[in-house]
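Let's take a walk through this structure together. Have the sequence and the 3D view at hand as you read.

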Amino acid sequence: MDMPGEDIELMDTDITINTASSKKGNMQIIIVTYAVVFIFMCMAGYIVYFMVNDSSEVINNPYNKRRNILAERIVRGSIYSSDGKILAETVTDSEGNEKRVYPYNDIFCHVTGRTANSMTGVELSQCYPLLTSHSNPLKQLATTFRGDKNLGDNVYTTLNASLQQAAYNALGSYKGAAVAVEPSTGKVLAMVSKPGYNPNTIESDWDSLVEDENSQSALVNRATQGLYPPGSTFKVLTAIEYIIENRSSYKKYSYKCKGSDSFDGNVINCYAGEKHGGLGLGSSLAKSCNASFANIGMTLNIKSFRKLCNKFMFNQKLPVKFEYNQSKFLLDQKSKTGEIMQTVIGQGRTTVTPLQNAMIAATIANGGEMMVPYVTDHTENESGQVVKTYGPVSNGKIIDKDIADITGKFMMSVVEDGTASSLKSLPYKVAGKTGSAEFDSEGTSHAWFIGYAPAKNPKIAVSIIVEGAGTGSQYAVPVAKEMFRDYLGE
């Protein structure tokens, strides 16, 4: 016979077990619920982020067929310079046939780009806005009911048409490139590459351009994709590294140039064997003395120097929205004396694009802060209402302001007393550095110039290369002079 007390004890135990199981089950449901909600919120957040930041890039992808669908409903918008000149527009004939027209022919061909035979330039980076209409919704609806296309938004670039024309003309018949940026913002004011092509006739010219029998490489944007030895323009970075390592003593640097020097059996010669005599750091830059800079290079901390060059975006991906090639700086702690000597004067294996050289000049002009170069200023609908603006973006403080100011003064001495003295005739101070970069066994040189003006309140920084021409002072400086004149006046 069971005792009553035993039954009560068992029932209490069952109730306790059931309650514990229930709480455990509820906790699992709560955890799963929160996990699902969290995942959902993450997905929703990503969708919002994607729509705001990445959707246009995905649509711009040449493999995305949505662009073709948009083109069937929207008349591609126009592209303008910052001074209101039409760089690209769609013209529709009486039969409704559309044709993309480029009024400046080859002058803006690389930076504005094309739509036929692979899309490039602004036409590519702003494809989605150009094929998107933000005009009045009622007007759009009425246009659609009539069976007509709506007008796409217009893109206004940072490019100055007058400056672009001046740079184009100044380069003349030479191969090369010219880039101009606004130091304080990163706005690309001009971007010329020669030789170019006519985007109006790109389809009929395509086969000959691709075959390139005369090795013109006209389809290549030399301004952003051309990789060249920087020549003596690189001495600016060598000087910066020396100042950083010798903040308290750089003013005491002295060297007597005899036209050549030897380090560990490696001989370095100054251009044309010129003997520069007694030099300080500033005058070494002004006279572009190879022997003095080789002497400086032998004292540098190579690990620190490589770090500085990486900060100036060598060996790095550029945060830009257009096609480019990555510059290279290969010097390291294992490099031998000969390579160090060549690298610090801008020879050796170092390569740079004209765009990046412009970024270097602009960073010095901007007190050591590097701004990201950009070409699109804003977009507008057909009625002139602003749809989206693109503002300046900083790429960080590369060097301290005092270092930038010291370097700027040295670059001013290049104009006042050195290899860019022909710029002294301008009514404002200019800071710059010339370069002659040998690129073959015969000693043929590319002509370089980087610089900015006015030196005390920089409005424009430029980078010019003239392929195979000779010295920077003779061939690149005159191009810079015409660009300064056009943008800043006589």
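What follows goes from a sheet to its covering helix, then to salt bridges and a surface patch.

Keep in mind that this is a predicted model. Start with the open sheet, where five strands line up in the order β8-β7-β19-β18-β17 with antiparallel pairing. At the edges sit β8 (188-194) and β17 (431-438), each pairing on one side only. On average, neighbouring strands here are turned by 5 degrees against each other, direction ignored. Further in, β7 (residues 176-181) and β19 (residues 460-466) pair over six bridges in the antiparallel sense, and A177 has I465 in β19 as its bridge partner. Now look for helix α18 (residues 477-488): it lies across β7, β8, β17, β18 and β19, and runs at about 150 degrees to β19.

Next, the charges. The structure has 11 salt bridges. One of them joins R100 and E123, with the closest N and O atoms 2.9 Å apart. R100 is in strand β4 and E123 in helix α4, so this pair links distant parts of the chain, 23 residues apart. Are these two buried or exposed? R100 counts as buried because its relative accessibility is 11%, under the 20% cut-off, and E123 is buried too, at 0%.

Helix α16 (residues 401-417) holds both K401 and D405, about one turn apart, and their side chains meet in a salt bridge. E416 pairs with K429 at 3.4 Å. E416 lies in α16 and K429 in the loop between α16 and β17, so the pair ties together parts 13 residues apart in sequence.

Finally, M27, I30, I31 and Y34 form a nonpolar surface patch with about 440 Å² of accessible area together. I30 belongs to helix α1 (residues 4-60) and counts as partly exposed, at 39% relative accessibility.

Notes
Residues are numbered from 1 along each chain as its sequence is written. This is a predicted model: local features need pLDDT of at least 70, side-chain atom pairs count only at pLDDT 80 or more; totals for chains, interfaces and linings use all residues. Side-chain values use heavy atoms; hydrogens and water are left out. Patches are made of residues with over 30% relative accessible area and no salt bridge: like charges are joined within 9 Å, nonpolar side chains (Val, Leu, Ile, Met, Phe, Trp, Tyr) within 5 Å. Accessible areas come from the Shrake-Rupley method with a 1.4 Å probe; for residues, only the protein chains shown count as cover. A salt bridge is a side-chain nitrogen of Lys or Arg within 4 Å of a carboxyl oxygen of Asp or Glu. Helices (H or I, at least four residues) and strands (E, at least two) are DSSP runs, numbered from the N terminus. Buried means under 20% relative accessible area, exposed over 50%, partly exposed in between (1.4 Å probe, protein chains only). Two strands pair if DSSP finds at least two bridges between them. Axes are lines fitted to C-alpha atoms, for helices over the stretch in contact, and angles run from 0 to 180 degrees between N-to-C directions. Contact means heavy atoms within 4.5 Å.
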